[in-house]
Structure formats: structure tokens, C-alpha cells
Amino acid sequence: MPPGRKKPISILDSLGAAATQPLFGLKNQQLKDLLREFAEPAYRVKQLSGALYREWVDDLAEVSTLPKTLRDAISERGYQVGLPKIVEAFTSVDGTERYLISGNDGQTVETVWMPDGDGGEADDGSEAGTDLRRATICVSSQIGCAVNCQFCLTAKLGIIRNLTAGEIAGQVVTVLKRQKVRIGRDRINLVFMGMGEPFLNYDEFMAAVRLLVEEVGIPESRMTVSTSGIVPGILRFAEETLRPKLAISLNAPNDAIRAGIMPITRKWDISDVMTAVKRVSLRAKEKITFEYVLLGGLNDRLDDADEVGRLLRRANLPLKVNLIVWNPGPGMPYRMSDPDTVAQFQERLRLSGIPAFVRRPRGRDIYAACGQLKRTTELVQVE
Ligand code: SAH
Ligand code: SF4
């Protein structure tokens, strides 16, 4: 390294892993700063960001627009492209694919590809042309999760670590590349509903959103982030000008039932969450989604539906409810609601004036459905 130049501080140094610095994840200004050190003209920034975020290269050697001497100098400084790699892929009978994708330190995260959307987020009324593919990618924000919802398999991992912005956006690009998605043509929705609580990794999560919008070219209106109700995160989110749509995991009609399945309720109860949600100024036609995991006999009675209806009408917000039938996992003390109960619950909400949809479970046979992301590599028939 030339004298006087500082060694780049890698996120990996602190983890004691291989000391390479991923380029993928650096925002424009950071790429500018990097190239300035090599005394390169400004247009090189566009070439490099184009290669990373629009051409999805795996290796610096593929960036033929940059002179070889520059590519060599960049890699001598310890930089590599650092696009996450798919280490394992599982395909469901319904077409869903679940990937284990390796992060910067070799730890894996889970990302799910759902062709034709997920039935809950794709209700934008638009028609798919014959040549147009539509799909939803479910993205993780942390490895594991600290929130400890009792019905969720990810919770069993505990929190292992936060993902970096590059690792979050990298999951998306890795899947887009594998699926040969045509940006600007295919209709791709992103849901930040994989492993982890995005609002407990707020800065990296939002940095990933900005990269995906500004560099990769996916509109924020096609993105939804789900939170278990982290109030300080919701309040920060309310101040963002560029942001995805918001979904709140409600999962219960009142605090007593919610605290039993989501201990986070003791920190921020339903009214705290509602007050924070009201601070988000919604765009034209935008609605807040309330997710509701139906747990047999626990929160799926008609009285519960009535109470949810009252709660949400009181909120006086443009909103909709996504009902999710609980996806089972081994050793969990819950049962799935039967189909009649689900239909009646939905009907009851609708009658009370609340738009309610039932999310089609996707990829249950490969542990890809909501709340099943636990880096399971052995496949067990769960139903
Ligand atoms: N941590 C965030 C986002 C990821 S979880 C959150 O909790 O909102 C995404 C959704 O899956 C949440 O609405 C959660 O309530 C739901 N979920 C968790 N475990 C589930 C399970 N076993 N079956 C069905 N839905 C589940
Ligand atoms: Fe974490 Fe969401 Fe699972 Fe709760 S449901 S433990 S917040 S991933």
C-alpha cells in the first residue's frame, strides 16, 4: 500500500473474517471517494456503479469499461465486488424458491423468490401482459431476530447479527440475476419480511432501500417493509421522503393476547404503535397493511375479528388487513386455523368495512413461508 494511504476499514475486520472490502453496497459518494484516491475522472464512478448495480458483475475483471490497471489497483487495496452468493436453493411445488445466500462473513441469510407475487402485496390492480413477469422477493434484514415472537421460527435463532446495506440489497440483486429479471420491464415487488426486524437495523435497512431505488432502479412503491411495531423505527420512517410502504404485524385484537405471543407489546403496546403509524404521511392511494397471523383457537374467533374491526376503524387510517394462516414449525404449541374459520374471520372484517385479504401460503414444503425462515437445510413435510 502506498505510504500515507489508510488501509480501508472493513466491516469484516471487526468480525475477524477475511479482510476484504465489498464494493457492492457502497453508495455513490463512497465510490467517488474511493476513485478520487486513484485520481480517476468522475465518469468512472458511473461506470463502476453501473457494473455493480445494473450489470450485476461478480468480479472486477468483468468490468471492461475500467482500465485493467485501475481494476488491479482497486483489488490490491483489498476491494472485491462482494455480491452475495447463493449457496443452496430449494424449489417448492408451487414455484417458490428459497435461497441460502452467504453474507460477507460466510454466514447465510434467507431470501425467497415467489413468482406471480405473494397474493397479498400484488393487489395493485395492474394487469400483467403476456411478456411481463411478475414476482415478489422476500428479503432478510438481520441474521436471526431478537424480537422473540412465539409463533415464529426465525425467533428460535435469536439475533446473530445485523446485515449490512450491501448484504440486504445484495440478496435482491443476486436473485434478480439468477432469475434474469429485466429491470424496468418485469414487475418485481420487494417485501422486507424475511428474517429479522428491519427497524432494529434501521440505518442499514434504509441505506439498502436507497441503493435499490436509486441505483438498481426498483421503485419504492413496489416495496413493503414489515415491522413488529418498533416505535422509534416507525417514527424515523415517518420522516423519510424515500420509503417503502409500511406493514405492521398486529397479530392480535388487544394487548393482552398480543403480549402472550409478541413480548415486544410490553415495551410498545398497540396504542403506542397506532400513534406512531399516524405520523407517517401517506401518498395518494397508499394504505397501511396490518398483518394478522391466525393462530387456531387463540386469536381467530369471530369476537376477535369484531375487536380487530373496532380497533382499526378507530385508527381512522387508509388500511387493509392481510390474514396469514400460521405456518407450522416443529415443536411450536399452535395450530392452524381451519379454512372455514379463516373465511369467516375475513368476512367479518369485510362486513365491518375493513378490506381483508388472505395471504396464500407460499413454499411451505421448503420452509419458505412467512415465519419459517430458520436456515433449515433438511426438508421435512410439515403438513
Ligand atoms: N420481523 C418483521 C418482518 C418479518 S416477519 C415482522 O415481524 O413484521 C413477516 C411476517 O410473518 C410478520 O407479519 C409475522 O407476524 C409473520 N409470521 C411470523 N411467523 C409466522 C408463521 N409461523 N406463520 C405465519 N406468519 C408468520
Ligand atoms: Fe422477528 Fe418478525 Fe419473527 Fe417476530 S415475526 S421474531 S419480529 S422475524
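In this predicted model, helix α2 (residues 28-37) and helix α3 (residues 43-53) have axes that come within 9 Å and cross at roughly 125°, and α2 and α3 are therefore oblique to each other. Oblique covers whatever is left once angles under 35 degrees count as roughly parallel, over 145 as roughly antiparallel and 65 to 115 as roughly perpendicular. Local features need pLDDT of at least 70 and side-chain atom pairs count only at pLDDT 80 or more, while totals for chains, interfaces and linings use all residues, and side-chain values use heavy atoms, with hydrogens and water left out. Residues are numbered from 1 along each chain as its sequence is written, and chains are lettered from A and ligands numbered from 1 in the order in which they are written.

**Helix packing**

- The crossing of α2 and α3 is right-handed, a term for a near helix turned clockwise from the far one by less than a right angle.
- Helix α5 (residues 165-178) packs with helix α6 (residues 202-216) at an angle of about 40°, their axes being 7 Å apart, and α5 and α6 are therefore oblique to each other.
- The crossing in which α5 passes α6 is right-handed.
- Axes here are lines fitted to C-alpha atoms, for helices over the stretch in contact, and angles run from 0 to 180 degrees between N-to-C directions; helices (H or I, at least four residues) and strands (E, at least two) are DSSP runs numbered from the N terminus.

**Ligand 1**

- Ligand 1 is surrounded by 19 residues, the closest being Phe151, Gly196, Ser226, Ser249 and Asn327, where a residue is near if one of its heavy atoms lies within 4 Å.
- Among the polar contacts (pairs of N or O atoms within 3.5 Å), a polar side-chain atom of Ser226 lies 2.6 Å from an oxygen atom of ligand 1, and a side-chain N or O atom of Asn251 is 3.0 Å from an oxygen atom of ligand 1.
- A polar backbone atom of Asn327 is 2.8 Å from a nitrogen atom of ligand 1.
- Ligand 1 taken alone exposes 530 Å², of which the protein buries 96%, with areas from the Shrake-Rupley method and a 1.4 Å probe.

**Ligand 2**

- The residues that surround ligand 2 are Cys145, Val147, Asn148, Cys149, Cys152, Ala155, Gly196 and Ser228.

Key: Polar contact = N/O pair within 3.5 Å; in protein donor to acceptor, adjacent residues only side chain to side chain.
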